[in-house]
Amino acid sequence: MDDTPIEDSGLDGTVRFLKILVTTLTATTILGLIILISVIVMRVQEMPTTPLPDQIALPEGASALSFTQAGDWYAVVTDAEEILIFDRASGDLRQSVQIAPARD
């Protein structure tokens with residue numbers, strides 16, 4: 001075996017620079033993702049929520065399948081294929097919409 005030192009061709013400096021560059025870019029990407037997720041979470045927490053009604057009086061024999069709400073009304077879809085729209089302030093029934101059967 002020959003104990004002569006291998007000549008430094010300048011690759012060590014380039015490889016070291018690339019290692020530092022990749023490590024810095026990785027750290028920057030991770031930090032950016034953490035900041036982005038934090039901003040999204042903070043914005044979602046600031047959104048105002050519309051309160052749900054305490055109780056909803058449905059017609060006799062009707063059973064709720066789904067519920068949706070808007071600013072001054074809320075709606076309930078019943079198992080009788082009907083959409084009932086209620087006033088948010090008073091809880092009174094505003095409108096009733098019958099859902100037409102599907103056409104084949």
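Predicted model: local features only at pLDDT ≥ 70, side-chain atom pairs only at ≥ 80, totals over all residues.
**Overall form**

The protein contains one helix and four strands, and when the elements are read from the N terminus onward they follow the pattern α-β-β-β-β. The mean pLDDT of the protein is 86, and 90% of its residues reach a value of 70 or more. Among the elements, confidence is highest in helix H1, which covers residues 11-46 and has a mean of 93, whereas it is lowest in strand E1, where the mean is 90.

The outline of the model can be described through its extent and its surface. The C-alpha atoms fill a box of roughly 100 × 40 × 20 Å when the box is taken along the principal axes. The radius of gyration of the protein is 32 Å, while a compact globule of 104 residues would have a value near 13 Å. Of the 104 residues, 9% count as buried, and the accessible surface of the protein comes to about 9,100 Å², with 61% of that area belonging to carbon and sulfur atoms.

The four strands form an open sheet in the order E1-E2-E3-E4, and their pairing is antiparallel. Strands E1 and E4 stand at the edges of this sheet, and because each of them has a single partner strand, one side of each is left without a neighbour in the sheet. On average, neighbouring strands of the sheet are turned by 20° against each other, with direction ignored. As a general point, the strands of a sheet pair through backbone hydrogen bonds, in either a parallel or an antiparallel manner.

Two of the strand pairs can be followed in more detail. E1 (residues 64-69) and E2 (residues 73-78) pair in the antiparallel sense over five bridges, and these two strands form a hairpin with three residues between them. E2 and E3 also pair in the antiparallel sense, over six bridges, and they too form a hairpin with three residues between them. The table lists some residues that stand opposite each other in these pairs.

| Residue | Opposite residue | Strand of the opposite residue |
|---|---|---|
| Phenylalanine 67 | Valine 76 | E2 |
| Threonine 68 | Alanine 75 | E2 |
| Valine 76 | Leucine 84 | E3 |

Glutamate 81 lies in the loop between E2 and E3, and its phi is near 55°, which is a positive value in a residue other than glycine. In general, most residues other than glycine have a negative phi. Glutamate 81 has a relative accessibility of 44% and so counts as partly exposed, a class that lies between the limits of 20% and 50%.

Aspartate 87 belongs to strand E3, which spans residues 82-87. Is aspartate 87 buried or exposed? Its relative accessibility is 18%, and because buried means under 20%, aspartate 87 counts as buried. When its neighbours within four places in sequence are left aside, aspartate 87 is in contact with Asp72, Tyr74, Asp92 and Arg94.

Notes. Residues numbered from 1 in each chain as written. Heavy atoms only, no water. Pairing = 2+ DSSP bridges. pLDDT = per-residue confidence, 0-100. Rg over C-alpha atoms; globule rule 2.2 N^0.38 Å. Buried < 20%, exposed > 50% of the residue type's maximum accessible area, 1.4 Å probe, protein only. Areas by Shrake-Rupley, 256 points an atom, 1.4 Å probe, with all protein chains shown as cover. Axes fitted to C-alpha atoms, helices over the stretch in contact; angles between N-to-C directions. Contact = heavy atoms within 4.5 Å.
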